[in-house]
Amino acid sequence: MDFYWVGFIFWGCIIISLFLFLFSIMTRNSFWMMISGFLITLPALYFLGSPSLWWIAFVPLFPFSLSFYMKKQIVKSS
């Protein structure tokens, strides 16, 4: 496995996560927001090893918390 594949997988996870994040905000779908959070977790944990990028570990918490909030709003409105 070449090193390039690791980069493609990480950048693919980031791009797909951003796309799903925007898609889930537009459609108000908590499931896709959760998937977006799962996809951004792997690159966030990888960059956590850098001393200057420790704050990236908190990036996946944003989609997860929004997903929980969206789910709570959907249940409350029903």
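Trainee: In what order do the elements of the protein run from the N terminus on?
Mentor: They run α-α-α. Helices here are DSSP runs of H or I with at least four residues, and strands are runs of E with at least two, numbered from the N terminus. This is a predicted model, in which local features need pLDDT of at least 70, side-chain atom pairs count only at pLDDT 80 or more, and totals for chains, interfaces and linings use all residues. Residues are numbered from 1 along each chain as its sequence is written, and side-chain values use heavy atoms, with hydrogens and water left out.

Trainee: Which residues of α1 are buried?
Mentor: F10, C13, I14, S17, L20, F21 and S24 are, where buried means under 20% relative accessible area with a 1.4 Å probe, protein chains only.

Trainee: What do the buried residues of α1 pack against?
Mentor: They pack against α2 and α3; contact means heavy atoms within 4.5 Å.

Trainee: Moving on, at what angle do α2 and α3 pack?
Mentor: Helix α2 (residues 30-47) and helix α3 (residues 61-77) pack at about 165 degrees, with axes 8 Å apart. The axes are lines fitted to C-alpha atoms over the stretch in contact, and angles run from 0 to 180 degrees between N-to-C directions. The two helices are therefore roughly antiparallel, a term for angles over 145 degrees.

Trainee: Which residues of α2 and α3 meet?
Mentor: Among them are M33, M34 and F38 in α2, and F64, L66 and M70 in α3. The residues of this contact divide into seven nonpolar, five polar and one charged. Ala, Val, Leu, Ile, Met, Phe, Trp, Tyr, Cys and Pro count as nonpolar, Asp, Glu, Lys and Arg as charged, and the others, Gly among them, as polar.

Notes. Parallel < 35°, antiparallel > 145°, perpendicular 65-115°, else oblique. Buried < 20%, exposed > 50% of the residue type's maximum accessible area, 1.4 Å probe, protein only.
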